[in-house]
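Biologist: I'd like to learn how to read side-chain features in a model. Could you take me through some, one at a time?

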Amino acid sequence: MADVEELPFPDLSLAPVFRALGSLVNALAVWLANVLVRLPRYLLFAGRAKKKLSKTVSLARLDSAGDLKVEYSEPDTTPRGWVERNPGLRGFVLEVQLAPGEPFAPVRSNASSPLALKNDFFEGSMLFLLATDPPDCPHLEGVAPRKFEMQIQGACKVEPTGGLLLMGGELPERPRLNFVTSTLVKGAMTFVQRRTSGMEWTLGSSKAGREEGAACAFPLVTGVDALVQTPPGERTPRLGGTLPEAPAARDARKSAKHVDDMVKLRADGTTYSLTFYSSVIDFANWRAANMPIGSPALDSMIGQQPIDVVVYDADPRDREKKRYWFRFRCRWDKGLEKFGADAGLRRDRAAARAAVAAPSITSNPDSVPSGIAVTCRARTAEAGDDDLGAAESRGYAVVREQASAPALRFVALDGARGAPLHDGDVVRVQRPASKLWLSAARGGWLAWRRRTDPKNPKPKPGELFVLSSPARRHGQALKYGDAFELAAKRHADLVVATAEGPPSARYGGGGPRLRRS
């Protein structure tokens, strides 16, 4: 019998096992992202109507403009007048009630001087600063992504109960929340409660047949972001900027856990300067902001009702007995929003026309000057040239339907301001109203960015584009009415075009990006 040759058994490799484990972990991560992020976002935004946007090509047209000045139709003492002068306020309305039962009086956001506050309890002034587009508040521009800031300064005429004031928010009605939004709101409020000493909140309840709205409140001295006490006779800090509270004093003030350890407010002539701000409530767009689920509209979370910011003191033995010092009402006016949109278009057009018509800019009135505001529209085969315009949303460039496109400024890299632009020039694109520059972002998407280092005038590579006509008439001056396209300076085969598909519900339009020509 012949000997049987024994073959060695091959060694087993663990590589397939690790690959399988990696695939399993990746699948679990995708599932968690779908459940925790995409599903809530779908439930929040699925009800919105989506209007189909035509696919655009990478062409636009420059339009010349005549001489036109902005003429305001509303007085500078009403919400419509304020929105007309700053369309970025849109439909937001702020009102103040100085005593229960009194009528609400409108308050101007981003006012040039503080508004006087005076009632039986307090005498002082306030400012309400709001981040808008175009920007209208230099202070908030320097502390982005802060969306609003309320500053109050004054002295107590009567001493609060126990030296303690409460600050918070109230809703007139109980919000109608579905399971997803209710879970999200409860989770967010619980997170904030852990970070704010003495905070209390409720989503509303029904007692004895009477429905109570949602509310939250916290001790003012621990909840505000800055608090400065100025003794009588000393100089008080100026409102409109950063209040000078030392970091150590702020940490000690906010870390107080018991009422006895908190700063007490006295009616002894001391002037109190405080500020309260947030980066998660965008009043100018009536949305939440900087949240993992996106930017849901406030109406989708609380319904169509105002938000009241209140300051009051309460009986420590019965917290239901409140004495309101102030009530600031924040609400959204859709009629005012439409008025503001029309005012913004008129303002952009007027600014572009006035800039183009400025004398001594260029010797050739038909050529397109560098650094001067002009209007430019995206072009489609179906919609023509007058329906789509380049705009801004959440920091990114979008193409959306509008009656008139906002002005843009094309600045030649090597040319003087006012010199004609030529086919083949390297340019930067800027929004005159907000001073933001168009820049290529991650994935080829286009975003509006502010220069991070004002002392360094050298533009970033992503800000440089090559301006050219479809006929490739290199070196010839561009004229009003000529079609053009923008290509990336560092990637000549990538041109600006609008992405296919319906407009984004999150950004309000189609997103232009760099695509291969």
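Biologist: Is leucine 28 buried, partly exposed or exposed?

Modeller: Buried means under 20% relative accessible area, exposed over 50%, and partly exposed in between (1.4 Å probe, protein chains only). Leucine 28 has a relative accessible area of 48%, so leucine 28 is partly exposed. This is a predicted model: local features need pLDDT of at least 70, side-chain atom pairs count only at pLDDT 80 or more, and totals for chains, interfaces and linings use all residues. Residues are numbered from 1 along each chain as its sequence is written, and side-chain values use heavy atoms, leaving out hydrogens and water.

Biologist: How many aromatic pairs are there?

Modeller: Rings of Phe, Tyr and Trp (its six-membered ring) pair if their centres lie within 6.5 Å; planes under 30 degrees apart count as stacked, over 60 as edge-to-face and the rest as tilted. Searching the whole structure gives 13 aromatic pairs. In one, phenylalanine 128 and phenylalanine 148 have ring centres 5.7 Å apart and planes at 10°, so they are stacked. Phenylalanine 128 is buried at 2% relative accessibility, and phenylalanine 148 is buried at 6%. Ring pairs also join residues into a cluster, including Phe92, Phe218 and Trp332.

Biologist: Which ring does the charged end of arginine 146 sit over?

Modeller: A charge sits over a ring if NZ of Lys or CZ of Arg is within 6 Å of the ring centre and within 35 degrees of the ring normal. For arginine 146, that ring belongs to tyrosine 277, with the charged end 3.5 Å from the ring centre. Likewise, arginine 327 lies over the face of tyrosine 324, 4.6 Å from the ring centre.
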